Amino acid sequence: MRLAGRAHSINSTVRTLIARNFNALPIIDISALIQDDKSSSAVDCTAAELHKACRDVGFFYIKGHGMPDAVTEGVRREARRWFELPASAKQQIALGPQTAYRGYQQLGANVTRYDGGFQRDWHEAIDLYKEETDMAASPVHGRNQWPHHCPAFEGALRQYIDGCLHIGQAVMRGIARGLGLQPGYFETAKGGSTTADSSYWVTRVIHYPPLEQGAATTGSPQAAPGREIDRSVQLSCGEHTDYGLLTLVNQDPDIPALQVKNARGEWISAAPIPGTFVCNIGDMMRVYTNGEYTPTLHRVVNTDPSCSRVSVPFFYETSFDAEVAPIPALLQPGEAPKCAPVRYGRHLESKVLSNFELEPQADIVAG
Ligand SMILES: O=C(O)CCC(=O)C(=O)O
Ligand SMILES: [Fe+2]
């Protein structure tokens with residue numbers, strides 16, 4: 001791994017393409033990182049595993065993360081109850097530009113854009129973001145719309161977010177170490193701040209009904225005339241990469257729905273494994289590593305005809321204002337940066353502002 005020096009014996013793009021022919025996702029025990037024993041050789045081994053997984057797959061499971069099952073299961077159980085509420089109750093915290101895109105998105109409001117159009121994703125969700133103090137600085141800055149009328153759900157969510165921040169920080173320290181950087185690199189690299197408190201975060205609580213319901217509404221005349229793509233396969237969530245550093249996915253057991261694309265174009269199942277999170281790296285890691293780590297396309301297809309699925313992805317990010325650029329120490333002598341610098345918050349805004357088609361859809365009844 002990096003700690004022993006970085007031998008670029010073959011062109012890194014060629015190597016990435018060869019390596020990305022994965023058929024399964026690695027499972028990595030991160031308990032040494034959670035214990036934060038800086039001198040432990042177990043930490044070095046874990047860092048090496050993370051490096052290989054980020055470079056060759058972009059996805060991996062983590063176990064030994066320390067979050068009790070009661071927390072991961074509790075947040076999904078309370079979410080499921082909340083999504084069973086009548087549509088009118090859920091719409092009380094509806095998201096839109098006026099709520100800084102925080103709150104409830106009804107079924108089909110989230111879209112995946114393709115050349116020439118978009119397809120509605122067949123899910124409903126609650127979106128929460130870190131609350132920044134300067135509300136005027138961004139269209140996504142604002143107060144969250146917590147499900148106040150369900151205290152058990154709100155409590156479970158807050159506990160879950162605290163735990164995910166801790167796990168995200170530990171995994172990013174391992175990734176930094178695997179790259180041969182100081183373990184705290186992704187904290188100190190954040191626009192001059194030196195505390196983990198500057199990490200931005202996003203969480204999305206998602207409910208995916210079985211897809212049969214969705215198929216009937218694809219191409220409906222009420223939906224954005226002329227622009228919706230009539231694709232034969234309705235997806236729960238269309239293919240995409242994530243926007244930031246690291247995603248942790250807490251998903252319902254027994255319902256394989258998350259799929260990850262390998263270099264041969266095959267969709268590999270990231271089926272649930274009890275006690276684990278599925279993790280993946282996002283767009284910012286490509287820039288930081290000058291393309292050595294690339295985010296992997298993934299999608300969600302809930303093919304179970306009888307069960308809806310709940311997942312609660314947590315996105316552990318760099319600070320909102322971070323100027324993300326290839327890390328000089330990761331460049332080979334004479335290697336030019338090929339990834340243009342990007343400000344994380346601007347990247348997030350551009351994605352969030354194009355994620356939704358919020359006009360009323362007369363044919364879709366959520367709840
Ligand atoms: O629900 C899942 O398993 C993953 C969802 C996802 O990819 C996302 O929200 O970015
Ligand atoms: Fe994703």
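Me: Among contacts in the protein between residues at least 6 apart in sequence, what percentage join residues at least 24 apart?
Reply: This is a predicted model, in which local features need pLDDT of at least 70 and side-chain atom pairs count only at pLDDT 80 or more, while totals for chains, interfaces and linings use all residues. Residues are numbered from 1 along each chain as its sequence is written, and chains are lettered from A and ligands numbered from 1 in the order in which they are written. Two residues are in contact if their C-beta atoms, placed from the backbone, lie within 7 Å. Among such contacts between residues at least 6 apart in sequence, the share that joins residues at least 24 apart is 77%.

Me: In β11, which residue is the bridge partner of valine 260?
Reply: Strand β10, residues 258–261, pairs with β11 in the antiparallel sense over 3 bridges. In β11, the residue bridged to valine 260 is isoleucine 268.

Me: Within what arc do the buried residues of α10 fall, seen down its axis?
Reply: In helix α10 (residues 344–353; helices are DSSP runs of H or I, at least four residues), Tyr344, Gly345, Leu348 and Val352 are buried, that is, 20 or more other C-beta atoms lie within 10 Å of their own, with C-beta atoms placed from the backbone, whereas 12 or fewer count as exposed and numbers in between as partly exposed. The buried residues line one face of the helix, because the directions from the helix axis to their C-beta atoms fall within an arc of 90°.

Me: Which residues are exposed on the other side of α10?
Reply: The buried residues of α10 are covered by elements including α9 (283–288), β15 (323–324) and β16 (342–343). On the other side of α10, the exposed residues are Arg346, Ser350 and Leu353.

Me: Is aspartate 254 buried or exposed?
Reply: Aspartate 254 lies in the loop between β9 and β10, and its phi is near 70°, a positive value in a residue other than glycine. With 11 other C-beta atoms within 10 Å, aspartate 254 is exposed.

Terms used. Two strands pair if DSSP finds at least two bridges between them. Helices (H or I, at least four residues) and strands (E, at least two) are DSSP runs, numbered from the N terminus.
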